Amino acid sequence: MITTLEKLKDGMEAVVKEIHGGHTLRQRLGGLGVHHQDRLKVLRSGFFGGPVLIEIHGTQVGIGHGMAQKILVEVER
Amino acid sequence: MMKIALVGQPNCGKSALFNSVAGYKTIVSNFPGTTVDYVTSPVSVNGDSFTLIDLPGIYSLSTSEKEELLARRYLIEEKPDLVINILDASVLSRSLELTLELLELKIPLVICLNMIDEAARKGVEIDVEHLSEDLGVPVIPTIAIRGKGVPELFQAAIDTAKNRKTGKTYFLSLDVERAISELAGLLGVDAPGRLGVPARVLAIKLLEEDEEFERAVREIKPGIINHVVRLRRVLSECHGRPSDVVVSSERHSLAMNLFEHVAKVKPRTVKPFRKQIDNYLMHPYLGYVFLAAILFLFFWLVFSFGKHIEEPILALFEQLAAFLGAHLSNESLVFTVINGLIQGFSGGIGIVLPYLIPFLLGLSLLEDIGYLPRAAFLMDSIMHAIGLHGKSIIPFVLSYGCNVPAIMGVRIMERNRDRFITAVLVTLIPCAARTTIIFALVAFYLGPTRALMLYLLNIAVIGAAGKILSRFLPDVSAGMILEIPSYKVPRFSSVVRKIWFRLREFVVIAWPLLIVGSLILSLLEYLQLSGLINEILSPFTSALLGLPPEVGITLIFGILRKELTIIMLVQALGTSNFAAVMTDGQMMVFTVFSLFYIPCLATLGMLRSIIGTRGMLFTLFFNTAIGALMALAFRSLYSFF
């Protein structure tokens, strides 16, 4: 199932499929280790417009709600 | 002297490494024309001396962040003799991406594999020799915060700087390399030479849509841009993704391969204790309860501790002044000067010892433990409402105690824009001294409800001011992306060093201002100029705001130290029963204006050091304008009743 990052629930794992929203956002995410085809796990979901907390490559990254909406992910069963 | 630069991603322990060798000659400098700073220190290891430069933390050399661009520009333009690339060994695969970019710059390089203990705790075992072979540069494992491996690291750095050894170049996939070499050939030697980077780096960065390099090349060699655009299109058509993604993904997978080649990860079954803390501190609801409790406790500890110490200290200085007054003639110029100096000096002590040290201790602890990014995460959506970032909550809360440490605290934010807006807004918050004005005039004479209303109004004004400022300085960042590092046990030496550095800043910048300001005010009194000042200010104070003209001088004293406002008001009006000489409206108008207008001298000094002279002047006018507008609004409001 393909959806956007902010919709995932706590504990769900997914693979990054696409990052919308331009060059700057991709660079910023890339610097923190978030790339196309990377696996991530949601530690705290972005409910009520709050940021999403993910674990990726062994680090924790907080991503603002608006940015999370631009990250397309495929949920793993 | 030889120059060695420290480069690493944020939270890699770069500052801990710097601090473990930097001496008392450490200098904080600004990048030309900016308020972004970097730190340098002369260091000498086994008879070799060099200048060590601690650059701002950078995630990548492909960036549009101002601070990261400045660090990159430093590497390219200043050409350090060697770069020590610090890697957080516990997040090796991600850290290696920056290393690959640094290798391409062909500056002699040494890898500091830091936090090797943290990696072991995570179950990551790294084959250091293998990594060194793969990269072609020395790799030294360290635990910088305990000084472990640091002598070996600097010895390797000096040796490598002397033999000018650069590491291997990594090749990307064939079609990308083809595009790179075609572009590098077209660029020739002139453009890369003038920009100070190898042709290969310039070609890669152009394919990555790097704005800064593109702008530079457009000026030097405009004809090449068509080729750049064509090659980018070729890459993106072949891969079905934008060309910058093609290049960065390749670098990413190279780093992943390297990581798999040199590291073994043992799966861990037990969830570490440090991660479990976050079940509470980052909980969707409980997290906020803990955040409020931690901030309240922090605030309360700092200011209850401060009060107990401040009073005896100030009493001591008052005795000294009284003693001098008894021995020197109370009216003499010598006494005036000495008394002014003592006032300024004790004012400094009255801020530093009781408030600044406990505040800096608390802030350093929260920072070193790793709680600050978590607070920022929790507060992010709320602070966004006024165009700010979650981290700004810390200076805001502390500002209710004293604006000075709060302004120092804006350094925890990375972006200049966020620092600027937060620093300006923080000065609008009523500190402990301004609280005394609210209490003495409004709460006492007009009732606590009105005082509470003033606090709420203050928050609303700050919100509105934040909105206005962020309209003029829009948030260009794409929103919050924030690394949440794992919790760490703070080290005593690191905390002490941080306190010392920040304290030194206050002593050098704000204290002299307090002393000079006190001296000037003493002289004003001696020369009996208060009448003249009241007269000069009267068009504003009495004509515009409808206040008794005698209050003019108290506002001037208030700029020196807000605590003096009420004391001077008693003196100026000749009574402490304010209601007898001022109407309700006048008391309200005076309080409102005092609440917002020019921040105190110490705050102005700190502002100047952090957001620059222009930023300080802006704050001065901005706050005074808000103060005047609000005071006028209250004057007309009270004229109806």
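**Entry 1: starting from one bridge**

I began at A:I56, whose bridge partner in β5(A) is A:T59. Before going on, I noted the ground rules: this is a predicted model, where local features need pLDDT of at least 70, side-chain atom pairs count only at pLDDT 80 or more, and totals for chains, interfaces and linings use all residues. Residues are numbered from 1 along each chain as its sequence is written, while chains are lettered from A and ligands numbered from 1 in the order in which they are written.

Two strands pair if DSSP finds at least two bridges between them.

Back at the bridge, I found that β4(A) and β5(A) run antiparallel and are joined by 5 bridges. They form a hairpin with 2 residues between them, and A:H57 in that turn has a positive phi of about 50 degrees.

I then checked how covered β4(A) is. Of the 5 residues in this strand (52–56), 4 are buried; buried means 20 or more other C-beta atoms within 10 Å of the residue's own, exposed means 12 or fewer, partly exposed is in between, and the C-beta atoms are placed from the backbone.

On its other pairing, β4(A) is joined to β3(A) (residues 39–44) by 3 bridges, again antiparallel. There A:V42 has A:I54 as its bridge partner.

**Entry 2: the whole sheet**

I got an open sheet of 7 strands with antiparallel pairing, in the order β1(A)-β6(A)-β2(A)-β3(A)-β4(A)-β5(A)-β10(B). Its edge strands, each pairing on one side only, are β1 (2–4) of chain A and β10 (481–484) of chain B. Neighbouring strands are turned by 40 degrees against each other on average, direction ignored; axes here are lines fitted to C-alpha atoms, for helices over the stretch in contact, and angles run from 0 to 180 degrees between N-to-C directions.

Where does chain B join in? I found β10(B) paired in the antiparallel sense with β5(A) (residues 59–63) over 4 bridges. A:I63 stands opposite B:I481, and A:G62 has B:L482 as its bridge partner.

At the β1(A) end, 3 bridges join that strand to β6(A) (residues 71–75), which runs antiparallel to it; A:T4 is partnered with A:L72. I also saw β6(A) pair with β2(A) (residues 13–19) in the antiparallel sense over 5 bridges, with A:A14 facing A:V75 as bridge partner.

**Entry 3: chain A as a whole**

I counted 2 helices and 6 strands in chain A, and along the sequence they read β-β-α-β-β-β-α-β. The C-alpha atoms fill a box of roughly 30 × 25 × 25 Å along the principal axes. Buried residues make up 53% of the 77 residues.

**Entry 4: what touches what**

How many residues of chain B are in contact with chain A? I got 28, in contact with 31 residues of chain A; contact means C-beta atoms, placed from the backbone, within 7 Å. On the chain B side, the elements giving two or more residues are α3 (92–104), α12 (243–262), α16 (372–384) and β10. α12(B) gives the most, with 5 residues.

By class, this side has 11 nonpolar, 11 polar and 6 charged residues. In this scheme Ala, Val, Leu, Ile, Met, Phe, Trp, Tyr, Cys and Pro are nonpolar, Asp, Glu, Lys and Arg are charged, and the others, Gly among them, are polar.

**Entry 5: helices in chain B**

I looked at α23(B) (residues 530–544) and α24(B) (residues 552–560), which pack at about 100 degrees with their axes 7 Å apart. That makes the two helices roughly perpendicular, a label for 65 to 115 degrees; under 35 is roughly parallel, over 145 roughly antiparallel, and the rest oblique. Residues making the contact include B:I533 and B:L537 of α23(B) and B:I553 and B:I556 of α24(B).

Last, I checked α25(B) (residues 564–573), whose buried residues are B:L564, B:T565, B:I566, B:M568 and B:L569. Their cover includes α20 (432–446), α24 and α27 (584–596) of chain B. After α25(B) comes B:G574, with a positive phi near 75 degrees.

Notes. Contact = placed C-beta atoms within 7 Å.
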